[in-house]
Structure formats: structure tokens, C-alpha cells
Amino acid sequence: MKKILILAVAMVMLLSVSASALTVAFTQIGQESDWRTANTDNIKAAIEAEGWDYVYDDAQQKQENQVKALRNFISQNVDYILFTGVVSTGWDEVLKEVNESEIPLILVDRMPDNMADIQYAAAFGGDFVEEGRRMALWTANYVKKLGRENEELNVVILEGTTGADAASGRQEGITEILADYPNLKVIASQTGNFTRAEGQTVMESFLKAHDKIDVLLAHNDDMALGAIESIKAAGLVPGKDIIIVGCDAPKTAFDAILAGEMNATIECTPLYGPFVVDAIKRLEAGEDLGRNLMHPEESCFDAEGGIVYSLDGRLSEKAADKIGERVY
Ligand code: AHR
């Protein structure tokens with residue numbers, strides 16, 4: 001019995017020694033949004049809190065920089081690689097190299113389109129199609145609440161980065177739901193690259209090209225916040241003359257909702273740090289986490305709460321009640 005106990009203690013010690021010496025590398029897309037900054041900070045903090053070494057690379061929105069970073073991580077022989085791709089395609093060769101190196105790959109946030117063909121140890125990301133559905137469904141139900149469901153309303157869309165699943169997925173979800181609401185007519189849809197600056201300039205061009213815009217759906221809140229500046233500059237009242245719905249739910253969007261300048265935001269959490277750390281600990285303990293893409297639970301926030309935003313009938317929450325809990 002004593003021998004078994006000594007063996008068990010030795011094994012636990014061995015495990016904690018090897019876990020404490022881990023090196024975790026992360027290739028981040030860049031810093032295009034409040035979401036991205038929160039994501040970067042959260043993952044760094046979670047890994048460093050474990051006492052693990054953290055290798056970080058900011059690709060500044062360039063796929064070639066991410067490819068370079070992945071190859072560097074392989075030559076450094078890190079213990080884990082965290083990967084989110086700026087676009088979905090073009091990763092076949094480099095991810096094959098990662099697999100050949102046998103360094104466990106953890107997919108975070110955006111998924112590569114060859115996901116089915118590669119080896120990965122865990123995958124955590126947003127359900128982008130569902131987020132798009134929620135943006136459109138919340139809008140349709142809000143329009144109904146305003147008694148405007150029989151009015152023809154012109155919708156413009158600010159899309160995220162072309163080629164990113166976060167953009168194509170949200171657009172797919174929006175399109176799917178809007179097909180059931182012919183009074184909500186999309187008159188323009190263009191990329192604003194997930195940034196505030198481009199959200200502002202593209203919205204400015206929408207406003208110049210169209211006399212009547214009733215609804216703005218922005219694939220992220222940064223673009224919505226940029227667009228608000230253009231709407232004000234055009235002498236219109238954001239949130240009233242134009243219904244504005246974004247995605248992500250950072251504090252800045254809550255502030256805009258409380259100021260009445262934005263109407264709703266669909267949550268897409270950037271807080272993957274604890275999920276990644278938990279996955280690494282379980283992998284170190286020999287667990288197989290399977291191939292499921294895990295989505296964290298997400299919500300929807302607006303001024304009053306109580307609007308149906310999902311096909312399974314969930315109700316939005318009141319931003320004023322939740323702003324105190326926002327950590328990003
Ligand atoms: O991939 C997630 C998206 O990327 C977020 O919605 C956006 O803000 C970010 O930059």
C-alpha cells in the first residue's frame with residue numbers, strides 16, 4: 001500500500017514538473033477589434049497564470065506572417081500551438097507540417113476549411129452562422145415590436161474580413177433568416193474588414209449612395225461603432241433613424257446601447273483562455289478531447305431585454321443589468 005502511495009505521489013510530481021515546463025505558442029491574427037484585443041489578453045493571462053512559457057506572434061492581418069510564425073513554432077519545438085487563421089483557406093501545407101511535427105494543435109476562434117483533414121487536439125470557436133441568424137432574428141422581432149413589420153425597410157450590411165469564416169458564417173446566418181422577412185430588404189453589403197475605421201468609411205459611402213437606410217447589420221461591433229460616427233455626420237440619429245445591430249458584445253457596444261445609439265449586440269465571447277488551459281491540462285493527463293468544435297454559451301443584449309433572438313426562443317438580456325459584469 002505504502003509503495004503504491006509513493007508511486008502515485010511520484011507520478012503526480014512528474015506530471016506537475018512536466019506541466020510547469022510547458023511552452024505554449026499562439027499565432028494571433030492581429031488587433032483589428034476590441035474583441036481581438038480582449039482575446040489576446042485573455043489567452044496570455046490564462047497561460048502565464050499557469051507558469052507556462054508563452055510565445056506570441058501578432059501576424060498583423062497577414063496570412064504569410066501566420067505561416068512564418070507556425071514554422072518558427074515548429075523549429076522551436078514548442079509543446080502546444082494555438083491557431084486562429086485570418087482567412088479559412090490556404091493552410092493545407094503549413095498545417096500538414098504542424099501535424100508532421102507532432103506538436104498538438106489547438107484551434108481557437110476561426111477554423112481552417114481543411115479542419116476535417118487535419119489532426120487537432122481540441123477546437124474552440126464561435127458558432128458564426130448561428131450568430132448571424134441571431135442578428136437577423138433579433139432585428140425582425142424588434143421591427144415587429146415597433147409595429148413596422150409591414151413596412152418595407154432597407155437593410156445594409158457591414159461584412160467582416162472577406163474569406164474569414166466569422167464573416168461568411170454570419171452572412172450565411174443573416175441571409176437564411178432574412179429570407180423569411182421580405183420586408184427587410186438588403187440594398188447593400190460590403191466588407192468593413194472588422195475595423196472601426198473601415199466601418200466608418202463604408203457606412204459613409206452607403207449613406208451617400210442610398211437615400212433611405214433603415215437597418216444596419218454589422219458583423220462586429222467595432223464596425224457598428226465606426227458607422228455610428230458616419231450616421232451622426234450625415235445628420236441622422238443612430239439607433240432611431242437607423243436600427244443598428246452588431247456582434248461581439250464588448251463594453252463599448254454596451255455603452256452605445258445605453259446611450260441609445262445602438263440597438264443590440266449578439267455575444268461572441270473572446271474569452272478562450274480558461275478553455276485552452278483546461279484543454280491542455282486534460283491533454284497532459286492523457287485525455288482525448290475528440291474532434292468536436294466546442295462553442296461557449298453566448299447571449300444577446302439590448303436596451304430593454306425580452307426580445308426573442310434565437311430559433312430556440314431565447315430572450316435578449318437588458319444591457320444595463322449586465323454591463324457591470326463585462327470584462328472586455
Ligand atoms: O473571429 C471573431 C471576430 O473577429 C470578431 O467578431 C471580430 O470582432 C474579430 O476581430
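This is a predicted model: local features need pLDDT of at least 70, side-chain atom pairs count only at pLDDT 80 or more; totals for chains, interfaces and linings use all residues.
Domain 1 comprises 2-125 + 270-284, and domain 2 comprises 128-267 + 300-323. Both domains give residues to the shell around the ligand, so the ligand lies between them.

Let me turn to the shell itself. The residues around the ligand are E32, S33, W35, R36, D109, R110, A166, R170, F194, N220 and D248. Sorted by class, six of these are charged, three are nonpolar and two are polar.

For R36, a polar side-chain atom is found 2.9 Å from an oxygen atom of the ligand. The side chain of N220 likewise has an N or O atom 2.9 Å from an oxygen atom of the ligand.

How much of the ligand does the protein bury? Taken alone, the ligand exposes 280 Å², and the protein buries 100% of that area. The space that the ligand takes is the largest cavity.

Methods. Residues are numbered from 1 along each chain as its sequence is written. Side-chain values use heavy atoms; hydrogens and water are left out. A residue is near a molecule or strand if one of its heavy atoms lies within 4 Å of it. A polar contact is a pair of N or O atoms within 3.5 Å; within protein, one must be able to donate a hydrogen and the other to accept it, and residues adjacent in sequence count only if both atoms are side-chain atoms. Accessible areas come from the Shrake-Rupley method with a 1.4 Å probe; for residues, only the protein chains shown count as cover. On a 1 Å grid over the protein atoms alone, a cavity is a set of points where a 1.4 Å probe fits but cannot get out, and a pocket is an open set with protein on both sides within 12 Å along at least five of seven lines; lining residues have an atom within 4 Å of a point. A molecule sits in a cavity or pocket if more than half of its atoms lie within 2 Å of its grid points. Ala, Val, Leu, Ile, Met, Phe, Trp, Tyr, Cys and Pro count as nonpolar, Asp, Glu, Lys and Arg as charged, and the others, Gly among them, as polar. Domain bounds come from an automatic or database domain assignment.
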